[in-house]
Amino acid sequence: MYQYDQVDQQIINERVAQYRNQTERYLKGQIADEHFLPLRLQNGLYVQRHAPMLRIAVPYGMISSTQLRALAEISRKYDKGYLHITTRQNVQINWPTLESVPDILDDLSKVQMHAVQTSGACIRNVTSDPFAGVAQDELVDPRPWCEIIRQWSTFHPEFAFLPRKFKIAVSSTEEDRAAIRAHDIGLQLVKNGDEIGFRVFVGGGLGRTPVVGVAINDFVEKQHILTYLEAILRVYNLHGRRDNKYKARIKILVRAMGGDAFAAKVDEEWQHLKDNSLTLTDAEIERVAAYFTEPNYESFDALEADNALQQQIDSNAAFASWYGQNTRAHRVAGYSSVVLSLKPTGTPPGDVTDVQTDAIADLADKYSFGEARTTHQQNIVLADVAKNRLYDLWQDLVSLGFATPNFGTLTDMICCPGGDFCSLANAKSIPVAEAIQRRFSDLERLYEIGQIDVNISGCMNACGHHHVGHIGVLGVDKKGKEYFQISLGGDSSYDTAMGKILGPSFSREEVPDVMDKLIGLYLEKRNGDERFIDTYKRIGLDPFKEHVYGK
């Protein structure tokens, strides 16, 4: 993973000192609230329902065991002993005091972490596939490109005050695991002959106006990707609306102009930038790629390793369930990638305690070369586990509460913190998630249902990505009471789709029954092993609507 150089460290150290001074002046009454607001946002600090919330950057989800232990200690020292994994692969702490944040940022800086550009109208944390670098269906490793984009966008003076927040995702696989068309810019690594480049999508996003990103360039040569991104941001900065924050995202601009007209504007701007100092040389690309070195993989007799693993699977049904659900194929023979589920019933999705975080660090050291990944599905991945150690790892995970064999199933929900924490939320999303988990706790039934994405948001800001859930659940307010709107047919793959609203909303108590009806009809109507989303695409919304509402 990327390691700071002297310049990186100096920049972060100076930012910590700057923010410490700003906080001290604010607490003395020397900086007004309205002037302190953008300063704290630039350092990842929000004011939530009960306390400040600090969002800590985890670039493209890569995190070391050293950093995990630092986060565990920070949560003990300054918070209430737990952390939350977000859908942008970042980490949040929900109870720091305003006075303690400079100390937290100082502690983070000592392990090459920070909170800059995790909030505010700037380019946010770049996200990618949590299996990047090890996936069998990968064209090339996207992480060096994420890092190149991170370095370009961090403290970029021209893009520090954009019309609104801006999110970029990068994918390099046959299956999109980064939801690139639901981002302001989505980059898909592609080949044109022997050349590597990027297909560029622009104008995707969720929130109040969910939009699927449109392709504005099918192949940008790799050496020109930064100049092309710069051209997009310049067009947005110049033409994006600033008079209405609900219409300020780039998705609104692209829709208003049309994809072709927006692409033409970008091309016009690009002509002034294409061969400037941001044009990437092979040497620069190789310099960054060199940080993502291959671990010291052991050599295995693949047949022997697979036979031994099969014996363990055959002799232990619980291990077999976990292996089938929570491991993924690895490009290196003799290895697997493992998903640590943060979705046991009764725990808010994505939450992990300080003790568990320390344990994950130990597991990363013991089984996966000292590295882990956060995922936008709010889980943790150990990317490089030898197959002959999977059984031992599973036993450790069982004792720690990370072995719930539900990855990719209905109970592996994406869920925002909702009204329990967020001051913007209309409803509490965590109790709804737990009620659904309890209703579908039977593993045999869960596996019969198969792969399905259920996403829950507490408000229209869509931090739970409800728009792109195969089943989406949205909290709404009706005269001071919490209700939940259901949508169907969302999809975060390359074939991105926004879900359609099923009909009138439901009370919290009704949601599990509604889910039961939806799943029941799906199982009745599906062909063979057809996934929920494929059945929905084949039969449409109306049969589900009629079944739920009895009309």
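I began with the lining of the second largest pocket: 13 nonpolar residues, 13 polar and ten charged. I counted Ala, Val, Leu, Ile, Met, Phe, Trp, Tyr, Cys and Pro as nonpolar, Asp, Glu, Lys and Arg as charged, and the others, Gly among them, as polar. A note to keep beside this: the model is predicted, so local features need pLDDT of at least 70 and side-chain atom pairs pLDDT 80 or more, while totals for chains, interfaces and linings use all residues. Residues are numbered from 1 along each chain as its sequence is written, and side-chain values use heavy atoms, without hydrogens and water.

Next, who sits in the middle? Of the 36 lining residues, Glu-175, Arg-177, Gln-377, Phe-407 and Gln-451 are the closest to the centre of this pocket. (A pocket is an open set of points on a 1 Å grid over the protein atoms alone, where a 1.4 Å probe fits, with protein on both sides within 12 Å along at least five of seven lines; lining residues have an atom within 4 Å of a point.)

Last, strand S8 (185-192): six of its eight residues are buried. S8 pairs with S9 (195-202) in the antiparallel sense over eight bridges (DSSP must find at least two for a pair).

Note on methods
Buried means under 20% relative accessible area, exposed over 50%, partly exposed in between (1.4 Å probe, protein chains only). Helices (H or I, at least four residues) and strands (E, at least two) are DSSP runs, numbered from the N terminus.
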